[in-house]
Amino acid sequence: MAKAVEIIYGFHPVQEALRAGRRQFDNIIVTEGLDSNRAKQLAEEAALHHIRIERMAPGQLRALTGSDHPQAVAARVSAYPYVSLNTIIAHCGQRPAFIVVLDSLVDPQNLGALIRSACCAGVDGVVIAKDRAAGATPAVSNISAGALEQTLVARVTNIAQSINTLKEAGIWVYGLVAHAPQNIYESDWCEPVALVIGGEQRGLRPLVRKVCDLTVGIPQKGRIDSLNASVAGAVAMFDVVRQRRATS
């Protein structure tokens, strides 16, 4: 059994980790006196997997998780199971690929929100940078409402090189940028695509932008010149969903 090295917290992250079956559990921890229907449901699922339940005072659980709002539930689990980029490509199978690449995204809030959107949009996998970027931490799992546990994430050392690997696999790579000559609504999302979303401060790095096949933007009005990375990513991802549904 893999050693428990992380404490994930929140009802949805723990439940989704149980259902995904990708992590090894040491135990599940709930606060003393918790007797809700959700707690009973979680206990039943834990029993099916032969995972023991531990009771803990609310203050102890907050200290254990490092969160002021652990939602009365946590679990000692193995490390998040990153996959290879090739695993994500293979996961696409015969259907048109839909992959999200995040270029140096550093804010865990944005990463969690984007992974939640990606999971809801049916993305095949998410690619993130290994260095100088947010990783798949328990906080990100909590922010994603457990979507991280159901999402394939590859952590790579070189985003530009990974984009070239995607292109070699027959996947068109679109960089999402402000003021692009083409907007997302004019793009063909029905082909195999990867959507590249830049970091919070500078967007796509020059080399990453250069290796993309195309750059696309989101048409905007008003005085605010740019969208938050997680909002922009969600808008673009769900346009892929809209277009593919309309042509299916």
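Start by selecting R242 and D239: their side chains meet in a salt bridge, with N and O 2.7 Å apart. (A salt bridge here is a side-chain nitrogen of Lys or Arg within 4 Å of a carboxyl oxygen of Asp or Glu.) Both residues sit in helix α9, residues 229-247, and being three residues apart they are separated by about one helical turn. Helices are DSSP runs of H or I with at least four residues, strands are runs of E with at least two, and both are numbered from the N terminus.

Is D239 buried or exposed? D239 is buried, at 3% relative accessible area, while R242 is partly exposed at 43%. Buried means under 20% relative accessible area, exposed means over 50%, and partly exposed is in between (1.4 Å probe, protein chains only).

A quick word on what you're looking at: this is a predicted model, where local features need pLDDT of at least 70 and side-chain atom pairs count only at pLDDT 80 or more, while totals for chains, interfaces and linings use all residues. Residues are numbered from 1 along each chain as its sequence is written, and side-chain values use heavy atoms, with hydrogens and water left out.

**Next stop: R205 and D103**

The structure holds ten salt bridges, so let's visit another one. Select R205 and D103, whose closest N and O atoms are 2.6 Å apart. This pair links distant parts of the chain, 102 residues apart: R205 is in the loop between β10 (193-198) and α8 (206-211), and D103 is in strand β5 (residues 98-103). D103 is buried at 0% relative accessibility, and R205 is partly exposed at 34%.

**Where α1 meets α2**

Now pick E45 and R19, another salt bridge (3.1 Å, N to O). E45 lies in helix α2 (residues 37-48) and R19 in helix α1, so the pair ties together parts that are 26 residues apart in sequence. E45 is buried, at 14%, and R19 is partly exposed, at 45%.

The side chains of Q15 and E45 make a polar contact at 3.1 Å. (That's a pair of N or O atoms within 3.5 Å; within protein, one must be able to donate a hydrogen and the other to accept it, and residues adjacent in sequence count only if both atoms are side-chain atoms.) Which residues does Q15 touch, not counting those up to four places away in sequence? They are Q41, L42 and E45, where contact means heavy atoms within 4.5 Å. Q15 is buried, with a relative accessible area of 4%.

**Along helix α7**

Select residues 159-168, helix α7, and colour its buried residues: I159, A160, S162, I163 and L166. Looking down the axis of α7, they fall within an arc of 160°, so they line one face of the helix; the arc is that of the directions from the helix axis to the C-beta atoms. On the other side of α7, find Q161 and E168, which are exposed. At the start of α7, a side-chain oxygen of N158 comes to within 3.1 Å of the backbone nitrogen of A160. Just after α7, G170 has a positive phi of about 85°.

**Last stop: the cysteines**

How many disulfides are in the whole structure? A search finds zero, a disulfide being a pair of cysteine sulfur atoms within 2.5 Å. Select C119: the nearest cysteine sulfur, in C120, is 5.7 Å away. C119 is partly exposed at 31%. Then jump to C212, whose sulfur is 17 Å from the closest cysteine sulfur, in C92, too far for a bond. C212 is buried, at 9%.
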